[in-house]
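Me: I have a structure open on my screen and I'd like to learn how to read it. Can we go through it feature by feature?

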Amino acid sequence: MYSKELNSIKKSNRFRTREIFDENLIDLASNDYLGLTTNKQLFENAYKRVLEENYTGPKASQLVNGYNKIHKEFETLLCKANGFEDAITVGSGFLANISLIEALVRKKDRLFIDEQYHASGILATKLLDKNQIITFKHNDIEDLKNKFNQFSTNRNIIAIEGIYSMQGDIASKEIFDFADEKEALLIVDEAHSSGVIGENLLGVFDYYKIKPKNNHIKMGTLGKAYGSYGAYILSSSHIISYLQNRAKAIIYTTAPSLFDISLALQSLKYILSNKLSLKSSIKEKLDIVKDILGIQSNSLIIPIDIADNKKVLAIQQELKKQGYLVGAIRQPTVTSAIIRLIAKIDISKQDLKLVCNFLKENR
C-alpha cells in the first residue's frame, strides 16, 4: 500500500531506520547534555528512594491512584528552584505539549506558534480549528508583532522554545516582553534549555533573569539534561488546576513512573549542587567548538549545515568508522540537511577536538 511512497523516501536519502546503539561509539548525538544517564550514584540514590515508598510499579492516572510522595517532592523542588507557583509531572515531553496546547486553546482563542516549535506542539495544533493557529517566522519578533496585530483576539497564547532543538539558538527576550505587554499566555518549551543555560542552569527564564508571572508557562522534559524520562509543566496554581481537569493527555494516561521521577529528583538536586563545575564544563566545550568551527553558541546543540542528504550520511558513516556518533538530520525534520553535533560535557576535550576538526575539513 505504501511501497511507492517508501521507495521515494529511500531514493531521497531521507529513509530512517532503527539501529541498536553501539556502546563502543563515543556519543556526540544524544541530548544527554550533562552525561547524567551514566551517573550510577544518581541511579542508586533514586532506587533507594523508591524502595522507601514500597514501590509496586505504575498504577493509574495521577487523578486515581498514580500520585506518590516522590511526585510531590519533585514538583515542590521544581517550583522552589524555578520560582513558579505550581507544577505537574507528565508522562513525556510529547504528551506535555499536547496537553498544554489542546487544553489551553479554547474557542475564539488564538495560538501564535514559532514555525520551528517541536513536532509535538505542531501535532497538537491539528486538534484545533485551523483558523485559531497562526505560525510566525522562527524567533522573529517583528513577524510575531505583525501577525498579532492582524489576528489577535480576546485571549491569545504564544508558544516558543527556550533553545530550539535543531537550530540550537535561544528564544528572543523580546518575545517574553511582548507577551507580557499584550497579556498573552506564554508557553515556553524548555526541553533543551533547562540544565544547560542560566545562572543556575535552570533554562531560559533563568538565563534572562525573568521572574515568572501568571501568564508564563514552562514545560520541560526529564530526559535530556536530567537523564531520566518524563516531563513537567510549571505555571500558576490556577493553570495547573485547569490542566488537571481539562488536559486529556494528563487525565487519561498512567502517571509517570515513580523511578523516573525519583531519578529526575536526584538529577535536579545534583544540577543545583554542582552548577559551578557544570557551567565551567559547558563553557570549556563551547570554547572548543568556537575555536575550531568558528561557531559561537550558548547551547550544546551545534548544527552544521551540509545541505546534501548523501553527504551528511557519508560524514556520519565516516565518523562511525572512527568511533564517533553524530546526528545526520534530514528532511522533513529540517529544511536542509545538517550534522547535529552535541558537545556533551562528558566527552573528552581530545575527542571533541578530533570530531570538530574532521567536520571543519569535510563540511
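Me: Let's start with contacts. Which residues is Thr89 in contact with, leaving aside its neighbours within four places in sequence?
Reply: Contact here means heavy atoms within 4.5 Å. With those neighbours left out, Thr89 touches Gln62, His71, Phe74, Glu75, Ala231, Tyr232, Pro256 and Ile261. Before we go on, a word on what you're looking at: this is a predicted model, where local features need pLDDT of at least 70, side-chain atom pairs count only at pLDDT 80 or more, and totals for chains, interfaces and linings use all residues. Residues are numbered from 1 along each chain as its sequence is written, and side-chain values use heavy atoms, with hydrogens and water left out.

Me: Where does Thr89 lie, and is Thr89 buried or exposed?
Reply: Two terms first. Helices (H or I, at least four residues) and strands (E, at least two) are DSSP runs, numbered from the N terminus. Buried means under 20% relative accessible area, exposed means over 50%, and partly exposed is in between (1.4 Å probe, protein chains only). Thr89 lies in strand 2, and Thr89 counts as buried because its relative accessibility is 1%.

Me: How do I read a cavity?
Reply: Picture a 1 Å grid over the protein atoms alone: a cavity is a set of points where a 1.4 Å probe fits but cannot get out, and lining residues have an atom within 4 Å of a point. Grid points are joined across faces, edges and corners, and the volume is the space filled by probe spheres set on the points. By this rule there is one cavity of 30 Å³ or more. The largest cavity has a volume of about 50 Å³.

Me: Which residues line the largest cavity?
Reply: Thr89 turns up again here, along with Gln62, Val90, Gly91, Ala249, Ile250, Thr253, Thr254, Ala255 and Pro256. Strand 2 (86-90) and helix 10 (248-251) each give at least two residues to this lining. For classes, Ala, Val, Leu, Ile, Met, Phe, Trp, Tyr, Cys and Pro count as nonpolar, Asp, Glu, Lys and Arg as charged, and the others, Gly among them, as polar. The lining has five nonpolar, five polar and no charged residues.

Me: Now strands. Which strands pair with strand 7?
Reply: Two strands pair if DSSP finds at least two bridges between them. Strand 6 (residues 185-189) pairs with strand 7 in the parallel sense over four bridges, and there Val188 sits opposite Lys218. Strand 8 (residues 231-235) pairs with strand 7 in the antiparallel sense, also over four bridges, and Met219 stands opposite Ile233 there.

Me: Why is strand 7 described as largely enclosed?
Reply: Six of the six residues of strand 7 (residues 216-221) are buried, so the rest of the structure largely encloses it.

Me: What about salt bridges?
Reply: Side chains of opposite charge can pair when their charged atoms come close. The cut-off is a side-chain nitrogen of Lys or Arg within 4 Å of a carboxyl oxygen of Asp or Glu. This structure holds 17 salt bridges. One of them joins Asp109 and Arg155 (2.8 Å, N to O). Asp109 lies in the loop between helix 4 (93-104) and strand 3 (110-114), and Arg155 in the loop between helix 6 (141-151) and strand 5 (156-161), so the pair ties together parts 46 residues apart in sequence. Asp109 is buried, at 6% relative accessible area, while Arg155 is partly exposed, at 33%.

Me: How many residues apart are Asp143 and Lys147 in helix 6?
Reply: They are four residues apart, which means about one helical turn separates them. Asp143 and Lys147 form a salt bridge, with the closest N and O atoms 3.1 Å apart. Both Asp143 and Lys147 are buried.

Me: Last one: how do I read backbone angles?
Reply: Most residues other than glycine have a negative phi, and most peptide bonds are trans. Glu183 is not a glycine, yet its phi is positive, about 55°. Glu183 is in the loop between helix 7 (173-181) and strand 6. For the peptide bond, look from Gln331 to Pro332: that bond is cis, with omega near 5°.

Key:
On a 1 Å grid over the protein atoms alone, a cavity is a set of points where a 1.4 Å probe fits but cannot get out, and a pocket is an open set with protein on both sides within 12 Å along at least five of seven lines; lining residues have an atom within 4 Å of a point.
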